[in-house]
Amino acid sequence: MIDTAVAEASQPVVAVEGLRVEFDTDDGVVVGVKDVSFRVAPGETVCVVGESGSGKSVTSLSLMRLVEFGGGRITEGRLLLTRPDDTVLDLVEADTGVMQNIRGNEIGMIFQEPMTSLNPVFTIERQLTDGLRVHRGLDAAAARKRAVELMQEVRIPEPEKRLSQYPHELSGGMRQRVMIAMAMACRPRLLIADEPTTALDVTIQAEILALIDRLKTENGMAVLFITHDMAVVAQMADRVVVMFRGDIVEQGPVEEIFAAPKEEYTRALLAAVPRLGDMRGKAAPEPLRIPGAAEVAIKPAKTLPAESGPLLEVRNLVTQFPIRGGIFQRHVANVHAVENVSFTLARGETMALVGESGCGKSTCGRSILRLIEPTSGEVKLEGRDLSELDDAALRAARRNMQMVFQDPFASLNPFMRLKAQVAEPLTNFGLARGAKADELIAELFERVELPLEFMRRFPHELSGGQRQRVAIARALAVNPKLIVADEAVSALDVSVQAQVLNLMMSLQEERGLSYLFISHDMAVVERVSHRVGVMYLGRLVELGSRAQVFENPQHDYTQKLMSAVPIADPRRRNKGDGRPFRPLPSPIHPVGYKPPPGEFVEVEPGHFVLKLDD
Amino acid sequence: MTLPRQLTSTKALIGFTLVFGILLIAIFAPLVIPADYATRMDMRARLAPPSMAHWFGTDQLGRDLFYRVLLGARTSIVIATSAVLMSIVIGLPLGLVSGFFGGRLDNVLMRIVDTLLAFPALLFALTISAILGPSFANTILAIGIAFTPFLARIIRGEAMRVAQLPYVEAARSAGASNFRLIVWHVLPNIMPPVIVQCTISLAFAILAEAGLSFLGLGTQPPEASWGLMIQASRDYLDRAPWTALVPGGAVALSVLGLNMLGDALRDALDPRSK
């Protein structure tokens, strides 16, 4: 890390002074950011952190003068860029030709979505060499040679082979590496990374963060890192700029921001982040403290006595999706999405399924509710086998098991008033109508802390957190015993996430609900669950109480997962560089493939670890 | 009650005025103007350009285009609207069911639709019309059936997209029946593209009627319809372009009006645009 004093003394690569960006909308002028000033020195990482709508992306897009393509106007301020010849240019004044030369050449940019920021119809070679040929005037052979070097630099295995491939042939982590290689192609003096790891799994995130850090040190490049994730900030930043609603709240060295935040908002933001390891030695889940908001007195949720038998029993659940190919659509292979999963869930308990994308955790949750038909296995709710029910009986059984979905923007019908959406299950199960239903819905809105006038509104009028409250109210309407929460808080800002988690915990305590909490976020899982199942390639590889799994992880994969989680504490950086890139094995197997029979070993009472005999 | 903002925008007002005006003409022109004004020939003024005597000029038989376009409105509008309504009545349930359930049912239905799509809509209408015999009702039936596959295809695609969205799954897990899912959750969400498609279909239906008439299966001469007038103008385009421009302008204005009204309607129905 560069000493801050040194960094300030040297000429900054870029200095933003009094930036103000306005957007013209139907409802008049909206200010995107106002009076934003900061500087980035060579070899320094400045993290701009804030929640959605804070203006952090507008700031980064302004630097590239890309904000104009999104309808924004830079109305005040200067964006001073130090050029390679040590002259200083105000980017606000630069004309289109100059900007085109600067973009990708002096300033490189990495975007959030590796899946969509590469053009699907061009090979990796074409996309990687484009910038080199334009900005550096290299011929095809030289550009290709340089491209191979770049691929090696970002640690992509078999670079020659990759060059001739198309984006869809690469995994998300690989694509993000290609994006970084593209951004690095012309050795920019400033790298802007806008949420570069948000769409990636935690183990891949750790690799990408380490990579950016290494490239920065090796090239003395300045990095402007945009993120919403305080844990990533703690891992990456030299200095931090905290933004809120277009304003800078606070800026300073990372240790200072984390150890002694001056502003109320920064403190709230930090308090809302669950940190892995915070729950060490605690018996039950505990609500998060939210400073600023009135302290909610929630007793720690407790497990109900198990004498009445488990609520949910899952035995040997298998879900496979057929892959068809050839002209006759023959069944050629299977995706083994869920492979032999067994667990039980007690009343009033939260069981978390945790794992990375594609591990089958969501499919597992949907198979339990039979929103997807499982291939085989048994799911018993209160002793009743769901797999034998016909359509009508299954619909009736869903009364006891409801679901809260990940994306609050997509899980509500945009054409229906919220009242009608919460009433949906009441109507469907014929539980209440007319005035009685109205009364029930009003109670639910109060319980999830939404104003009653929202009942007449449409989903688009609400924020993400408010919508997720509506989704929870809808799930609660029929008084279910089990709620499957599929990444229910992943799409929310941290402060909102904390509120929704607290709401879920207090509802559990109040109504004796059981949650099947599906998440990729280890820190959140540690906070809310009684028991944890770790999934990898469709299998449950480790299962035990929260303390057992988090404090004494036994399976290799669990350990790998835990060590990759960024911790929101700059003193506990866990950057191990040079992690070799290991692609995830494929869960696709030919028809008739028998997965190796795994055996669960009980390492301590209630703590099971999968041992495969191979 | 005040109208939603979308229905008071300039676009909506222009659209509404045009459509309302054309409807008025279609309803009242035949009541006010004697029917023979459209067929009365003036052989001395054949292909006369617009003048005080003939405001929109005359056609090759010296018939006054102003009266013909006014009196032709009813035929064109009634046939086009009824035909499009009919294609919605058949195509909407077909497309919804096919797209929502998918699988084998979808495969069978869509192969049938694809087969029908392989024939040009006009040829298809012509066949139906030829089998059923020329009449006003059969013309509507023929165009309506001919336009159905295209609409069904669009609705099916939209229904398929919407059916796999999380809010449909959410409603299913809240115990909604398939019927409820289709009517309450899929249908409203596929309406925007369907409305736009219908306004475009209306224009094509007016022209399709012309094609049928030209081949002697739609409106029978000397009765006037816009399509028939456009067809008849074909041989005189170089000498008397107004013979095409007058009915063409009428079709264009109707389509423009419907399109703008359709857009406004779509926005008004969508709660997100408020």
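Is A:Glu195 buried or exposed, and at what relative accessibility? Keep that in mind; here are my notes.

1. Ground rules. This is a predicted model, where local features need pLDDT of at least 70, side-chain atom pairs count only at pLDDT 80 or more, and totals for chains, interfaces and linings use all residues. Residues are numbered from 1 along each chain as its sequence is written, chains are lettered from A and ligands numbered from 1 in the order in which they are written, and side-chain values use heavy atoms, with hydrogens and water left out.

2. Back to that question. A:Glu195 counts as buried, because its relative accessibility is 7% (buried means under 20% relative accessible area, exposed over 50%, partly exposed in between, with a 1.4 Å probe and protein chains only). You'll find A:Glu195 in the loop between strand S7 (190–194) and helix H8 (202–219) of chain A. Helices (H or I, at least four residues) and strands (E, at least two) are DSSP runs, numbered from the N terminus. The phi of A:Glu195 is near 50°, a positive value in a residue other than glycine.

3. Another loop residue to look at. A:Arg65 isn't a glycine either, yet has a positive phi of about 55°. A:Arg65 sits in the loop between helix H2 (56–63) and S4 of chain A, and is buried, with a relative accessible area of 12%.

4. In chain A, confidence is lowest in helix H1 (residues 4–9), with a mean of 46, and highest in strand S18 (residues 514–519), at 94. Over residues 1–8 of chain A, pLDDT stays under 50.

5. The cores. A nonpolar core is a set of buried Ala, Val, Leu, Ile, Met, Phe, Trp, Tyr and Cys residues joined through side-chain atoms within 4.5 Å. The largest one has 62 residues, and among those with the most contacts inside it are A:Phe445, A:Leu501 and A:Phe517. Helix H17 (residues 494–511) of chain A gives the most to this core, seven residues. A second, separate core of 58 residues includes B:Ile22 and B:Ala83.

6. Strand S1 (residues 14–25) and strand S2 (residues 28–40) of chain A pair in the antiparallel sense over nine bridges; two strands pair if DSSP finds at least two bridges between them. S1(A) and S2(A) form a hairpin, with two residues between them. In S2(A), A:Phe38 is the bridge partner of A:Val16. S1(A) also runs antiparallel to strand S4 (residues 72–82) of chain A, joined by eight bridges.

7. Where the chains meet. 22 residues of chain B are in contact with 23 residues of chain A (contact means heavy atoms within 4.5 Å). Together the two chains bury about 2,100 Å², 60% of it on carbon and sulfur atoms; buried area is the accessible area (1.4 Å probe) that two parts lose on being put together, summed over both. The rule finds two salt bridges across this interface, a salt bridge being a side-chain nitrogen of Lys or Arg within 4 Å of a carboxyl oxygen of Asp or Glu. B:Arg180 and A:Glu424 meet through their side chains in a salt bridge (2.7 Å, N to O).

8. The helix holding A:Glu424. A:Glu424 is one of the buried residues in H14(A). Helix H14 (residues 418–428) of chain A is mostly covered, with eight of its eleven residues buried.

Methods
pLDDT = per-residue confidence, 0-100.
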